[in-house]
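The entries follow in the order in which I looked things up.

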Amino acid sequence: MISQSVGGAELHTITLANGLDKTRFRVSVIYLKNELDGTDVVQGLSKDVLVSCANVRRKIDIKALRTLCRFVNRESVDILVCTNEFALLYGWLTLKFSRSRVALAEVFHTTELRTWKAKLQMAFYRRFFYAADLVVFVCEKQRAYWQSKQLSLRSSSVIHNGIDVARFRNDFTSDDVFSLRAQFEFSSSDFVIGICASLRPEKAHLDLLDALALLKRQGHVLKCMIIGDGPERKKIERAIDARGLRGDVAVTGFLPDVRKYVAACDVMVLVSRYIETFSLSALEAMALRKPIIMSEVGGAAEQVSHGHNGQLFPAGDIEALARSILEVQMANADGKMGVNARASVVDRFSLDKMLMKYDQTLLALARRNKEWCP
């Protein structure tokens, strides 16, 4: 059960629904709100997944609850897996109203709550977390954070996000890379730093621009590719000019497929000042054999082994970011750090490994639920 139209958590749910072992699971997906007519959800799901909409129109929608109760009983659901807080509320209400002996699981993607509204909402949702038979976190740092906030749980597990390492594979030729660089007037010998993140304030693109300006004043010749688009684009373009970086920094705009652009960079960076729970963008870059420089927030330390496949730096520390760029430029001169980056993703964060862990975890939950029920 997912809450609304497709975002990062919802994409994770779609990947999970498509990838679960269909010899063991009969999978259905219910999206609560009929936003964008559910087109993104329907198109993203494979044909062997049953998909429907509850048409929730208000905070507590009795008609939608009846729809969910009928679905759970009709389909003989064993486990109701919810994505984030709003879906968990409806999952709990559905089981209460239907009186079904169904296990309730929550896959939780949120870490830091930045607004008072979000904090007040979480105060309301806390009780439903304790009601869940299992809460799945996407990294150890996230679980530790919520434990420190005294979030009471009956049972929890950590299953790291995973990516398709076959799809994110750097098979691009030198000609592919150099021709793409030429579009931005970058040469084959330039050291190109990439950042692939929506152009929003929390992604802190200006920190990277400040680090590049500092390095330029120190005499270092570097280029940068900002991959993506977003509401901060005009502000970022003005900042490029204000820092004297025109010609050194290119903004690509929205791209349906970023792989070749990431491949055209020498190192990728993520400089968020706020907690990113567990970055898929970082995993994708690493799978493309790019060392990654990350601000040490969220689960970054679980992805990056400092000096082995990338670098970590304190969020907001411009001088430390600049040093990390130079250190990676030297350390990855032979490409070894990039090779290590891909190997670490293949070994620990592949889609296959994530799906296998979910298979095992959900089957164990179903078995326990049958033992608990009279």
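I began with strand β3 (residues 79–83), which is mostly covered, with four of its five residues buried (under 20% relative accessible area, 1.4 Å probe, protein chains only). The model is predicted: local features need pLDDT of at least 70, side-chain atom pairs count only at pLDDT 80 or more, and totals for chains, interfaces and linings use all residues. Residues are numbered from 1 along each chain as its sequence is written, and side-chain values use heavy atoms, with hydrogens and water left out. Strands (E, at least two residues) and helices (H or I, at least four) are DSSP runs, numbered from the N terminus.

I next looked up the partner of β3. Strand β4 (residues 103–108) pairs with β3 in the parallel sense over five bridges; pairing requires that DSSP finds at least two bridges between two strands. Leu80 stands opposite Leu104 in β4. From β3 the chain passes through helix α4 (residues 84–98) to β4, a right-handed β-α-β crossover (clockwise from the first strand over the helix to the second, with the strands pointing away from the viewer).

I then turned to an open sheet of six strands, which has the order β9-β8-β7-β10-β11-β12 and parallel pairing. Its edge strands, β9 (249–251) and β12 (310–313), each pair on one side only. Neighbouring strands of this sheet are turned by 20° against each other on average, direction ignored; axes are lines fitted to C-alpha atoms, for helices over the stretch in contact, and angles run from 0 to 180 degrees between N-to-C directions. Contact means heavy atoms within 4.5 Å.

Last, I noted that helix α13 (residues 318–331) lies across β7, β10, β11 and β12, running at about 170° to β12.

Definitions and conventions: Buried < 20%, exposed > 50% of the residue type's maximum accessible area, 1.4 Å probe, protein only.
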